[in-house]
Amino acid sequence: MNGSVIGRGTVVRGNVRGSGSLEILGRVEGDVSVSGELLLGEESAVKGSVSGSHITVSGAVQGDVRGSEAVLLERGARVVGDLTAPRIGVATGALVKGLVRTDGEPVLGTPRRPATAGARPVAFPARAPAPVPAPAPKPSEPSETVEEPESEPPPLPQEKAAREAPPPPVVPALAKGAKAKKKKRED
Amino acid sequence: MAGTVIGEGLSIEGDVSSEEEVVVQGNLRGKLTTTDAVSVGSSAVIEADVSAQSLTIAGQVTGDVTAAERVDLQAGGRLIGDVKASRLTIADGASFKGNVDMDV
């Protein structure tokens, strides 16, 4: 049996080391180092450095967290210390105060993307980002059409000439004025 | 399921204090205190004073043990240290070296 649990009502003052997986629901004041998976539950509190292969944090850690595979901070996690792992996920609602560094050898060829919807990998910009190509201007786009449509005076001289009656050409002019009036009335 | 399990392969150096059942299958060096039961599995190696409500030993314990209720030293278990408990059983095949205080 390799699954160890430090229960909710348990306090450990000292170092915890070992192989296999460990689940901490209580408190540890000391360093924790396991070779397997490490789970820090919601009400857990660890004061000391933490290391494991795959570390999931939902509780509080005051110390560095180092995962040989991954470190995932769930909602409600509070970490004051540095995070180091090839894969790091920080969910919304998790608090971190410290240096976050995706370290180690990422597997080449596989695209990096968040494994879960809630977790988002935080990449430390160790390398300069690839230069973004500037948007090339498109020559096919006609530039004259841009300025025309809004500044068109509504009344058409032909209409005026065709009708002898005095009423002005209401439709386009009113449309502009009416909009503004309508807004004011709504306010 | 016990509240706290120190599994095989895990070792703790320091004090463990608890308010729930503690099962030890791994290594513990320091001190173990709980208000509930302690079970020391056959693969466990403990170098610590142990204080508990009740204590069952199937592995190795080096240190003084105190139980509010009882101590059971099972066959294959090995205890080097003093026992303070109102009830004590020592199974045939267990190893024990130490004083016993049964509060008489």
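This is a predicted model: local features need pLDDT of at least 70, side-chain atom pairs count only at pLDDT 80 or more; totals for chains, interfaces and linings use all residues.
Two strands count as paired here if DSSP finds at least two bridges between them.

Strand S4 of chain B, residues 27-34, pairs with strand S6 of chain B, residues 45-57, in the parallel sense over 7 bridges. To find this pairing on screen, look for B:Arg29, which stands opposite B:Glu47 in S6(B). B:Glu47 is a handy landmark on another side of the story too, as it stands opposite B:Thr62 in S7(B). That strand, S7 of chain B, spans residues 60-62 and runs parallel to S6(B), with 3 bridges joining them.

Strand S5 of chain B, residues 37-40, pairs with S6(B) in the parallel sense over 4 bridges, and here B:Ala37 has B:Ser54 as its bridge partner. B:Ser54 also stands opposite B:Arg70 in S8(B).

Now turn to where the chains meet. Here 21 residues of chain B are in contact with 22 residues of chain A. On the chain B side, strands S1 (4-6) and S2 (10-18) each supply at least two residues, and S2(B) gives the largest share, 9 residues. By class, this side of chain B has 5 nonpolar, 11 polar and 5 charged residues. Strand S2 of chain A, residues 10-18, pairs with S2(B) in the antiparallel sense over 9 bridges; A:Thr10, for instance, has B:Ser18 as its bridge partner.

Finally, a look at chain A as a whole: it has 2 helices and 16 strands. Of its 187 residues, 27% count as buried.

Notes: Residues are numbered from 1 along each chain as its sequence is written. Chains are lettered from A and ligands numbered from 1 in the order in which they are written. Two residues are in contact if their C-beta atoms, placed from the backbone, lie within 7 Å. Ala, Val, Leu, Ile, Met, Phe, Trp, Tyr, Cys and Pro count as nonpolar, Asp, Glu, Lys and Arg as charged, and the others, Gly among them, as polar. A residue is buried if 20 or more other C-beta atoms lie within 10 Å of its own, exposed if 12 or fewer, and partly exposed in between; C-beta atoms are placed from the backbone.
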